[in-house]
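Thanks for coming. I will take one model today and go through a few points on it.

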Amino acid sequence: MTGQVTSERMGRAELIRLAGDLDVATAPTMGREIVSCVRGAGAVLLDLTAVAFLDSAGVRLLDALVADLDRLGTPIRLVVGERGPARMTLQLCAFRDDLLAVDVAEAADGLTG
Amino acid sequence: MSEPDVTHDVRLPWEEDPGELYDHAPCGYLTTLPDGTIVKVNETLLSWTGYTRRELIGRRRFRELLTPGGQIYHETHYAPLLSMQDDVHEIAFDMICADGRRLPTLVNSVLGRDPAGLPRVIRTTIFNATERRGYERELLAARRAAEASERRVRVLQQIVADLAAAPTQAEVAETVVRAPGPAFGATSSSVWLVDEHREVLAAVAGTDPATGTGDLALDSAHVVAEVARRGDLHVIGSVREAEEHFDGMASEMVRVGRSTVVLLPMTTGCPDDPAAAEVLGVLGFSFAAPKELTDSELRVVRLLGQHAGQALDRARLYDQARRREDRAVFLVETTHALEGTQRLTERARRLVDRLVPEIADWARVWLQVGADGLTEEAGGPAPDPDRLAGQIAAVAVSGEPDRDAAGLGCVIQPLVVRGRVLGTLALRPTAALRRVSEGAFLTDLADRAALSLENARLYEQERIVARTLQRSLLAHETPQDPRFLLDTHYQAGARDLEVGGDWYDSFLIGPDRLAVVVGDVVGRGIEAATTMGQLRSAIRALASAEAGPARVLQGLDHFVERAENARMATVVYAEIALDSGEMTYVCAGHPPPLLYEPARPPRYLLDGRSAPLGSRSGRTERIEQRIRLNPGSRLLMYTDGLIERRTRPLDRGLEVLATEYARRCDAPMPGLTAGLTDLLAGREHADDVCLLCVALGAEQRLERSIGADPVQIGLLRQDLRGWLATNSVGDECAQAVLLACSEAVANAIEHGYRDDPFGVVDVTATVSTEAVEIRVSDRGTWRDAHVDVARGRGLQLIRQVMDHVAFDRSDGTTVTMRRIRRDQS
C-alpha cells in the first residue's frame, strides 16, 4: 500500500492528512509532498490517524520536519489518536508529549494556546 | 520493164534552189575544219541559236558552242569516235545560245578526207531535241517524284504504325519527332504538347534550334503558341518571309542557320471541320537549305499532323484511364492500410505515411478530438505555421476545401462525415499530381479518410465506455476474512483490440462458504463487457448454500438461452468451505485451475470439466468435483490470455505457468498475480489477462522470500498482517511484530544488500500459543549498524518492541526475534 498526502487550510494553519503506510519505501515521496504543503504555512497540523504503518524511516522524516519548523518558529502538532501504529511508533521513539495530540481539535487548541 | 533510175534526182514540180534548201532545211547544217573552226552554217541553226553568221564563221569552233559538260564529252567521245570511224550519230549535246539559253540537240557528223586520207572537213547536221529532251526530263522528274512520294508514304506508314503502338503522350511525341527527317529531309525537329489545363505548351521532344526547345505559355506571342492557337499549318519558306511575318523567328533562323521552317499543329477531330478540331500539340521542323514543299509533300505533312493528333488524343484518354486506375488502386490500398488498425492515432499516422511521398511531399491530418485535437504529420518542409493554422481553421469552419491555401502550395481538404467536420487534411501535392487535375481525387481521398477516421473515433469512444464499464464491474470489494487471502489482477490487452470479456469475482455464501469465479465471454467491446456483467450477476444470484457449483452452471445454461451473447462463455467456479477446507469446483470449457499445496509441486485440477455455457455440441451435463484443501494451499484461476501465445503451444504455456507458480509459492500473496502476468504475458500482450489467486487456511508457519526492494516490504507486511490475524494474534502484538519485521528487512536491504540489487531476504514466521517468532535472513555483508544513526533507530525499535532479539552473522545475517503473546495469557 502506498501513502497518500492531502492538505487543507484551517485558519492560518495547514492541516495535512497522511494515509497508508509511511515507511522506508514511501517516506521520500511523502516527505516531498509534505514539504510542498508546509511551505508558507503559519502553523502545521499533521494528522497521522489514518497512517496504517509507521517505521523508523517515517520517524526520521517526521523528526527532520519538526526540527525544520522549530527552527523557523512555525508551531507543529502531530495528531495520532489514542492508539494505533503511528502513536505506538512515535511513543517508542519518545517524541515530545507536547508535539502529540489525540485529535485535530486538541491539536488546534494547542497551537493557539 | 524498166526500173526508175535512182541515180538521178526526181524532177520536182517547182524550181528548187539548192542554196534555199540548205539554208532553210528542217535541221541545222554546220561545216567545220578538222579543228572545229566553223566555215559554213545554215540559216536554220542561226535562227535556233540566235547567233549571226559573222559571229560564227571563222571565229568560233563547234565545241565552243557547247555547255561545259558537252565540251568534255566532245573531247572524250565525239572527237575520238569521229576520227576513228569518220562518222558519229545522234550524239546529244546542249548548245549554248547567244542569249545563254541551252538548246538540246542531237548531232550527226561525217569526216571528209582528202585523197591522201587526211581529215579535210567535218559536215554536221544538228537536230533540235528540245521537245524530246523535255519529255525525257519530265519522265525522270515524275519517276523521282514517285520515288520520293513512295519513300514519304513508307516513312509515314511506319510512323502511323509506331503511333498506333505508342501508349503515352510522351511516346507519341518521341515517334512524331523522328518523322520529318526521313520523310521530308528536314534537318531538325521538335514537339510541344498542350497541357491538360490548356495553359502551357510543354517542349517534350526534339532539339530543333530554330523553333526553340523551352516550355511556352499557350497565350504567348511565340510563333509556336500562335500555331497552337490557330491550328493551321505554317510554312516559313525563307528568312525574308520570316522577317515579314514573324520577327523574332527571322533572327533565330539566321543565328542557327535555317532557311525554311515548318510548324504543324497536331489536331484531333474531323479534318473537314477545322473549327471543331482541338490542337493537342505542335510539330516544328526546319531545313538548313532552302526547301520548297510540293503540294504532295504538304498533303503528307497535314496527314502527319492529323495522325499524330489522333494518336495524342488516344494516348491522352489512355493516360487518363490509367491515372484513374492508379488512383482507384491508391484509394483502395489507403483504405485497406487504415483498416489495419482500429486505433485513431495509429490510423491518422498511417494516413499521412501513405500520402508522403506517394502523392504529397508534406501532409498533416488534424482531428477535432479531445481538448487539444490530434495532429499527425509527415514529410516536409512544413508551410509557414501561422498562415497554415489560419487556413486550416477557416476550412474547419466552412467545410469547403481550399485548393491553394493562401499561396502556400497546399491543398486543405475538410474531413467531413455525415455533415460534421471531423478535422482537416492538409497536403502539398507532388509536382506530378499538380500537373493533372487532382480536385476530384483529393475529395474522394478525404471522404474515405474521414469515414475511416470517424470509425476509429467511434471505436475509441466505445472502447473507453467498455473499459469503464469493465473496470467498474471488476472494482467490487473482495471479501475480507482472516481464513483466506485473495489476490486478483486484470491486465487489458495492450494492442488496439477492443476490451475483452474476461472477469473474476469472489463473494461469500453465508458465513463459512467462499465462492471464487474466473470467466471469459466470447467477443469484445461493449457487448462483451455488458454480457460479462450479466453473467457475473447471474452467478451471484444462482449461488446458494444448497445449490453447489453444478447447479449454478445448469442455471447459467438456462440463462444463456435468453442472453445469446453469453453463449460459449467459459467459466471456472469453485466454492470453498472455510471451516472444513473442502472445495467443490466446476470448469465449463475453461483452462484448468492450478493448485499449490504445501510441500507438493503445483498441479492442474483436470476434473469437473464440461462444455462452455449454452454449448449445443459439447457435453453439457454439469458435473462437479470435490477436493480437500490443506491449510496453506493456494488456488490459481486465470483466463487463457495468460498461457496462450502465438509462438508457444498451449501445453508449453501450461508448463511454464506451473513452473513459475511453483517458484513463487513462498512469495507474498499481494502482487503474486500481477507478477505472474508480467512474466508470462508481458505488458505488451495483445489479449486481456485475468487472474485470481486464493490462499487458504491458517499456515502454522509463514515462509516468504522477497527481493531487495523497499517496496516489497509493504507487500510482505500485508501478507504478515493477514497471517497474524488468521492466527488470532492480538492487535498490539501484531503491530509490534509488523514493526520489528519491517525494520529487520529494511536493515537487510539497506546494509546486507547495499551493493546487490538482486539479493533475496528470507522471512520465516511461526506462531504458538505463547509467542510469535520471526526470523529474517540475508546473505549479504553486514556493516556496523551503529554507524548509521537512522538504522540504529530501527534496531532500537526492534529491541523495544520484541522480547528477545538475537543476531547471527556467521553466514550473512540472521535476526531472530520473539514476542510473547500477552493477549493469550
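Where in chain B does B:Gly50 lie? B:Gly50 sits in the loop between helix 2 (43-49) and helix 3 (53-56) of chain B.

Before going on, the conventions. This is a predicted model, in which local features need pLDDT of at least 70 and side-chain atom pairs count only at pLDDT 80 or more, while totals for chains, interfaces and linings use all residues. Residues are numbered from 1 along each chain as its sequence is written, chains are lettered from A and ligands numbered from 1 in the order in which they are written, and side-chain values use heavy atoms, with hydrogens and water left out.

B:Gly50 is partly exposed, at 46% relative accessible area (buried is under 20%, exposed over 50%, partly exposed in between, with a 1.4 Å probe and protein chains only). From B:Gly50 to B:Asp313 there are 263 residues in sequence and 64 Å in space, C-alpha to C-alpha.

Now chain B as a whole. Chain B has 22 helices and 31 strands (DSSP runs, H or I of at least four residues for helices and E of at least two for strands, numbered from the N terminus). Its radius of gyration is 57 Å, well over the 28 Å that the globule rule gives for 825 residues, so chain B is more spread out than a compact globule. That radius is taken over C-alpha atoms, and the rule is 2.2 Å times the number of residues to the power 0.38. The C-alpha trace of chain B spans about 190 × 70 × 65 Å along its principal axes. Of the 825 residues in chain B, 49% are buried.

Last, chain A. A:Glu106 belongs to helix 4 (residues 104-112) of chain A, and A:Glu106 is partly exposed, with a relative accessible area of 36%.
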